[in-house]
Amino acid sequence: MKNVRAVSAAAIVSMIATLCVVSAAALATSTRARGRPYTLRIYVSVKQDASGEQLRALLRPLQAASERLYHATGGMIYIGRVLLRDRRTDGELAFSYRFNRTPHGARNIPMGPAHWWDRTLMHEIGHLKLALWDEYRRKPTCPRCVMALNSYGFCHKGKHRGHTRWRPDCWTRLRQFYRRLPRYAQRARTRGEHAPPIRARIVNTGQK
Ligand SMILES: [Zn+2]
Ligand SMILES: [Zn+2]
């Protein structure tokens with residue numbers, strides 16, 4: 001009888017210890033994810049005949065942009081899939097090795113090598129997929145906002161300086177379409193975490 005009691009006491013202690021670990025883990029994650037993340041699909045066309053290696057090289061900055069999006073949204077939005085095709089101009093992002101003007105638009109956005117880096121990509125994806133507007137035209141611009149092209153975050157209420165009268169801040173706008181996003185962007189929550197690798201499909205036509 002004595003032994004049984006000792007065993008059960010030990011069992012209770014270990015159960016409590018397990019519960020503590022579980023609840024600590026729950027606490028650590030409860031402030032992070034709120035349900036399934038939103039994964040974006042992007043179609044990138046490349047005007048010229050590009051080699052497989054050239055097409056794959058375009059993925060790295062897209063992965064970096066995905067990482068930035070991931071951190072700016074508490075892990076809730078990132079790029080899931082990319083379709084890359086050469087010798088076409090109909091992509092959502094329409095890349096040309098010769099394009100060197102400023103990309104603009106919300107569909108079939110023309111882009112060149114000078115714009116193919118994480119911040120510009122994140123900004124253009126903001127138009128393309130997240131229904132966000134430019135925030136850099138009115139000065140002073142919103143601080144720490146990728147749509148104002150000065151950072152990798154999204155402006156929010158109180159900090160918003162852009163088109164205040166009829167356009168909400170980026171975060172409010174995002175939450176209109178992406179309801180599972182947290183009320184506030186909390187970058188710290190995704191520290192040390194990474195966006196999953198993009199699942200790419202490459203369609204390489206032509207001679208190269
Ligand atoms: Zn823009
Ligand atoms: Zn703003």
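The legends below describe close-up views of a predicted model.

**Figure 1. Overall fold of the protein.** The protein contains 5 helices and 5 strands. Along the sequence these elements follow the pattern α-β-α-α-β-β-β-α-α-β. Of the 208 residues, 32% are buried. Among contacts with a separation of 6 or more, 61% join residues 24 or more positions apart.

**Figure 2. The largest nonpolar core.** This core has 41 residues. Val44, Leu69, Ile79, Phe95, Cys145, Phe154 and Cys170 have the most contacts inside it. Two or more core residues come from each of strands S1 (38-46), S2 (77-86) and S3 (93-95), and from each of helices H3 (59-72), H4 (118-128) and H5. In soluble globular proteins, nonpolar side chains tend to be buried together.

**Figure 3. Surroundings of Ile79.** Leaving out residues up to four places away in sequence, Ile79 touches Leu40, Ile42, Leu62, Ala65, Ser66, Leu69 and Ile198. Ile79 and Leu69 are both among the residues with the most contacts inside the largest nonpolar core.

**Figure 4. The buried face of helix H5.** Helix H5 spans residues 170-177, and its buried residues are Cys170, Trp171, Arg173 and Leu174. Seen down the helix axis, these residues fall within an arc of 160°, so they line one face of H5.

**Figure 5. His115 in its loop.** His115 lies in the loop between strand S4 (109-111) and helix H4. His115 is buried because 21 other C-beta atoms lie within 10 Å, where 20 or more are required. Apart from neighbours within four places in sequence, His115 contacts Pro103 and Thr120. The C-alpha atoms of His115 and Asn100 are separated by 8.2 Å, and the two residues are 15 residues apart along the chain.

Conventions: Residues are numbered from 1 along each chain as its sequence is written. Chains are lettered from A and ligands numbered from 1 in the order in which they are written. This is a predicted model: local features need pLDDT of at least 70, side-chain atom pairs count only at pLDDT 80 or more; totals for chains, interfaces and linings use all residues. A residue is buried if 20 or more other C-beta atoms lie within 10 Å of its own, exposed if 12 or fewer, and partly exposed in between; C-beta atoms are placed from the backbone. Helices (H or I, at least four residues) and strands (E, at least two) are DSSP runs, numbered from the N terminus. The arc is that of the directions from the helix axis to the C-beta atoms. A nonpolar core is a set of buried Ala, Val, Leu, Ile, Met, Phe, Trp, Tyr and Cys residues joined through C-beta atoms within 7 Å. Two residues are in contact if their C-beta atoms, placed from the backbone, lie within 7 Å.
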